[in-house]
Amino acid sequence: MTPHSFRRTAALGLTGGPLLFTLGDLLRRLVEPSGNPSATQLTQAVGDHPVTWLSAGLLSVLAAPLILVGVAGLLVDAVGRGARTTVAGVALVAVGACASVGHAAAFYAPYALYDRAGTPHTALRALDDTSGSYPLLVCLITAFVVGMMLGSIVLFVGLRRARRVPLWAVISAVVFVAAGSSGGVVAGVVGVLAAGVAFGAAAGSLTRSAPPAAAVPERREANLPV
């Protein structure tokens, strides 16, 4: 893969990954009952909308490799001012994207299985209460939240310090994080828009910064003795 094609691939991943991730989250919000639903209520809602729930989980899983490829492309020009912050942000987002796969499997699959198995209400409550303290799930959730939320802000602060994205991209990243931490369908729609704006600007920095292929040979040829 040439450097130019790698930049283009990374730019596509940086645009598509966050959009798939936020679209999956929006589908989740459409299925989940409003407020703070119990495990029984959520299982019933999943049973009423199995295709939407499955689509939400699949989109979340598919987003992860695209995000990984996308943020990896941002390391190419991570030099000079803002480089360390950008690298730290890339590392955090990469960890969050990897953890999001496990988080998606641990969150989306059980409620669908509870519905298919006809799990009694008392068992649902017991499983839901105990799952929140299981060490593996706690680690996945922590890595997911810290990586995707905090990491996104750190990443865009670094890109802004490097003058690779405008200020409004940083603001959009903050909105993306705030929307993801809020409940409701409206917040989900805002998250989709904010992700498109913020990560779209980061993807644009990859295509703009690609150097012309003939630039280096031309300079060398100009220095040859006549």
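Residues are numbered from 1 along each chain as its sequence is written. Since the model is predicted, local features need pLDDT of at least 70 and side-chain atom pairs pLDDT 80 or more, while totals for chains, interfaces and linings use all residues, and side-chain values use heavy atoms, with hydrogens and water left out.

As for the fold, there are 9 helices and 0 strands, taken as DSSP runs (H or I, at least four residues, for helices; E, at least two, for strands) and numbered from the N terminus. Of the 226 residues, 38% are buried, that is, under 20% relative accessible area with a 1.4 Å probe, protein chains only.

Turning to the rings, Phe, Tyr and Trp (its six-membered ring) pair if their centres lie within 6.5 Å; planes under 30 degrees apart are stacked, over 60 edge-to-face and the rest tilted. That rule gives 8 aromatic pairs. Phe156 and Phe199 make an edge-to-face pair, because their ring centres are 5.1 Å apart and their planes sit at 85 degrees. This pair ties together distant parts of the chain, with Phe156 in helix 6 (residues 135-161) and Phe199 in helix 8 (residues 185-208), 43 residues apart. Both Phe156 and Phe199 are buried. Elsewhere, ring pairs join Trp53, Phe107, Tyr108, Tyr111 and Tyr114 into a cluster.

Technical notes:
Buried means under 20% relative accessible area, exposed over 50%, partly exposed in between (1.4 Å probe, protein chains only).
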